[in-house]
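Grab a pencil and get ready to work through a few exercises. Try each task yourself before you read the solution.

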Amino acid sequence: MAYYNTNREGGNTLRLSWGKADKQENMIMEIFQERARQTLAGLAPHQVRDKIAQDYGKQYPLTSIRRAISNLTDNGELVKLDRMVPGNYGKNVHTWRLRGI
């Protein structure tokens, strides 16, 4: 399940949260698939967040993007790279790409 129910939601609220988390993961996979066609360079979570805002007009917290990337990595769809890029706060952050590329 893509959504971690740490705030103990129930019923319809929980089902909506599961659906939103699944949609976020689908958007992120589309972005990584598009990127794979353009270059082998990976993407950092903040770059994915910016691309979602640009392409989909959605504003998601960086923590949600990181959760989705972690889930997709755990599911074997993405792989974490040794390549790092400057993050939003001046610290280097890892990048990810599609597995098998």
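The exercises below look at a predicted model, starting with its nonpolar core and moving on to its salt bridges.

**Exercise 1. Find out which parts of the chain build the largest nonpolar core.**

Step 1: Start with the core itself. The largest one has 16 residues. Those with the most contacts inside it are I28, F32, V48, I52, I65, I69 and L78.

Step 2: Now look for the suppliers. At least two core residues come from each of α1 (11–38), α2 (45–56), α3 (62–74) and β2 (92–98).

Step 3: Pick out the top contributor. That's α1, which gives five residues, the most of any.

A bit of background: in soluble globular proteins, nonpolar side chains tend to be buried together.

**Exercise 2. List what F32 is in contact with, leaving aside its neighbours within four places in sequence.**

Step 1: Recall that F32 is one of the core residues with the most contacts inside the core.

Step 2: Cross-check with the core. V48, I69 and L78 also belong to the residues with the most contacts inside it.

**Exercise 3. Work out which parts of the chain the salt bridge between R67 and E25 ties together.**

Step 1: Look at the pair. The side chains of R67 and E25 meet at 3.6 Å, N to O.

Step 2: Check the surroundings. R67 and E25 are both buried.

**Exercise 4. Decide whether D50 and R49 are buried or partly exposed.**

Step 1: See how they pair up. D50 and R49 form a salt bridge, with their closest N and O atoms 3.3 Å apart.

Step 2: Use the cut-off: buried means under 20% relative accessible area.

Step 3: R49 has 19%, so R49 counts as buried. D50 has 40%, so D50 is partly exposed.

**Exercise 5. Trace the salt-bridge network that includes K51 and D55.**

Step 1: Begin with the K51–D55 salt bridge, where the closest N and O atoms are 3.1 Å apart.

Step 2: Locate the two. Both lie in helix α2, four residues apart, which is about one turn of the helix.

Step 3: Check accessibility. K51 is partly exposed at 23%, and D55 is partly exposed at 35%.

Step 4: Salt bridges with shared partners join E34, K51 and D55 into one network.

Notes. Residues are numbered from 1 along each chain as its sequence is written. This is a predicted model: local features need pLDDT of at least 70, side-chain atom pairs count only at pLDDT 80 or more; totals for chains, interfaces and linings use all residues. Side-chain values use heavy atoms; hydrogens and water are left out. A nonpolar core is a set of buried Ala, Val, Leu, Ile, Met, Phe, Trp, Tyr and Cys residues joined through side-chain atoms within 4.5 Å. Buried means under 20% relative accessible area, exposed over 50%, partly exposed in between (1.4 Å probe, protein chains only). Contact means heavy atoms within 4.5 Å. A salt bridge is a side-chain nitrogen of Lys or Arg within 4 Å of a carboxyl oxygen of Asp or Glu.
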